[in-house]
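Dear colleague,

I am handing over the structure we spoke about, and my notes on its cores and pockets follow below it. Please read them with the model open beside you.

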Amino acid sequence: MPTVDNPTQRSLSELGVTSPEEVRSLFEQVRARFDAEANGNRHAVDWSMTRQAWLSRKSGVLTQITENWLKPSPVELKRAVGESLNNFKEHVAVVLADALAAVEAGAEAAVSAKERVDLSLPGVIGPTGSRHLIRQVLQEIEDIFFSIGFSVVEGPEVETPYYNFEALNIPEHHAVRDDMDTFYLDLPNGAPGPLLLRTHTSPVQIHVMEKRQPPVRVIVPGKVYRRDNPDATHSFMFHQIEGLAVDSGITFCDFTGTIDYFVKQFFGEAVKTRFRPSYFPFTEPSIEFDASCIFCGGSGAAKTGGICGKCKGAGWIELFGAGMVDPAVYGFVNYDPKKVSGFAFGIGIDRLAMLKYGIDDIQVFFQNDVRFLKQFP
Ligand code: DAH
């Protein structure tokens with residue numbers, strides 16, 4: 001029996017097939033070709049091409065066999081061709097059905113592998129934040145003043161020179177403006193100005209006294225801005241808490257007693273306070289409060305020998321400025337200086353936080369380094 005390239009395109013007589021054995025061996029060749037092709041298949045597309053090549057009604061191999069071998073076959077071979085063809089058809093159907101099932105199962109497995117959730121894995125725990133140390137210290141300070149009848153007000157960070165300077169008794173050419181040189185805002189042409197970033201929280205004293213009549217007892221926390229170059233103790237933005245108490249008959253004694261109470265509550269009963277003369281245009285007299293050094297207990301000596309590095313051996317640490325409200329300021333808010341008196345103070349929150357928690361660089365407050373922040377949960 002001759003072997004031809006594509007025997008299914010020829011008739012049996014062209015192929016020289018004359019006996020049922022030759023018919024069966026011819027079908028074995030075709031089956032071997034089909035099996036070889038099927039074994040080489042790897043992907044769903046391979047299988048769809050195999051299906052097309054063998055089962056397509058118009059030109060599939062099975063159709064060719066029916067047309068070229070079965071239909072024109074001589075009577076004595078018809079039975080053998082019919083039988084072999086049926087067996088082969090069944091074989092092809094089974095192989096293709098198995099392949100289809102395998103392809104579908106594989107696709108499903110791939111999808112479910114992607115979607116699988118392993119419930120035994122630990123969950124993702126999002127980091128919980130905490131309040132920033134500045135916020136915590138502000139809260140401590142507020143709580144102390146709340147306990148003696150102060151309430152909180154806030155004011156704008158963008159100010160006019162009138163509130164930031166003039167109404168606080170700092171006229172245009174006053175020398176202290178040099179220390180408080182600040183950021184002025186670029187405004188559109190024709191906009192009323194100038195406007196600046198406040199250099200201290202003191203302007204809120206004016207806002208409050210413009211709106212309220214005595215008695216006034218407020219603290220004012222907030223951000224302030226200065227044209228300072230950053231270093232361990234300077235930042236272009238930092239935090240203050242202003243205090244203002246005005247009433248009839250408030251004395252210097254009320255003032256220093258209040259501050260002493262605050263300092264002891266904040267740093268501890270053992271800490272002593274003292275005040276020194278100072279100068280601020282909006283207070284008269286003006287003073288500077290010191291606390292006995294909280295690092296060396298006021299001795300000025302380091303525990304390890306030598307002088308205390310924090311107070312430089314002085315035994316005292318400067319805390320903040322304060323004073324009795326200058327009567328000139330009352331003139332700007334229509335209070336009668338003959339009837340009222342009061343005191344004011346301006347605490348640097350960052351500075352107090354640094355002292356209390358032994359932090360020696362103000363910049364760490366603004367760097368958002370979680371290794372620092374986590375130390376104050
Ligand atoms: N505003 C001052 C500053 O930023 C601090 C200050 C001093 C505020 C004395 C006061 C005060 O209320 O009485 O330097």
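**Cores and pockets**

In the largest nonpolar core, which has 47 residues, the members that touch the most other members are Ile141, Phe262, Leu319, Phe345 and Phe365; please keep in mind throughout that this is a predicted model. At least two residues of this core come from each of α6 (133-146), β4 (216-225), β5 (237-247), α9 (252-267), β7 (283-292), β8 (316-325), β9 (341-348) and α11 (349-357), and α6 gives the most, with 7 residues. Once neighbours within four places in sequence are left aside, Ile141 is in contact with Ile241, Phe262, Phe266, Ile349 and Leu352. A second, separate core of 26 residues includes Val208, Val246, Val340 and Ala344.

Turning to the pockets, the largest holds about 1,200 Å³ of space and is lined by 43 residues, with Arg226, Phe238, Glu318, Leu319 and Arg351 nearest its centre. Its lining comprises 22 nonpolar, 11 polar and 10 charged residues, and the largest share, 7 residues, comes from β8.

The second largest pocket holds about 290 Å³, and among its 16 lining residues Arg135, Leu138, Gly222, Lys223 and His239 lie nearest the centre. By class, this lining has 6 nonpolar, 4 polar and 6 charged residues, and α6 supplies the largest share, 4 residues.

His239, which is placed in strand β5, counts as buried because its relative accessible area of 13% falls under the 20% cut-off. Beyond its neighbours within four places in sequence, His239 is in contact with Ile134, Gly222, Lys223, Ile347, Gly348, Ile349, Asp350 and Phe366.

With best regards

How values were computed
Residues are numbered from 1 along each chain as its sequence is written. This is a predicted model: local features need pLDDT of at least 70, side-chain atom pairs count only at pLDDT 80 or more; totals for chains, interfaces and linings use all residues. Side-chain values use heavy atoms; hydrogens and water are left out. A nonpolar core is a set of buried Ala, Val, Leu, Ile, Met, Phe, Trp, Tyr and Cys residues joined through side-chain atoms within 4.5 Å. Buried means under 20% relative accessible area, exposed over 50%, partly exposed in between (1.4 Å probe, protein chains only). Contact means heavy atoms within 4.5 Å. On a 1 Å grid over the protein atoms alone, a cavity is a set of points where a 1.4 Å probe fits but cannot get out, and a pocket is an open set with protein on both sides within 12 Å along at least five of seven lines; lining residues have an atom within 4 Å of a point. Grid points are joined across faces, edges and corners, and a volume is the space filled by probe spheres set on the points. Ala, Val, Leu, Ile, Met, Phe, Trp, Tyr, Cys and Pro count as nonpolar, Asp, Glu, Lys and Arg as charged, and the others, Gly among them, as polar.
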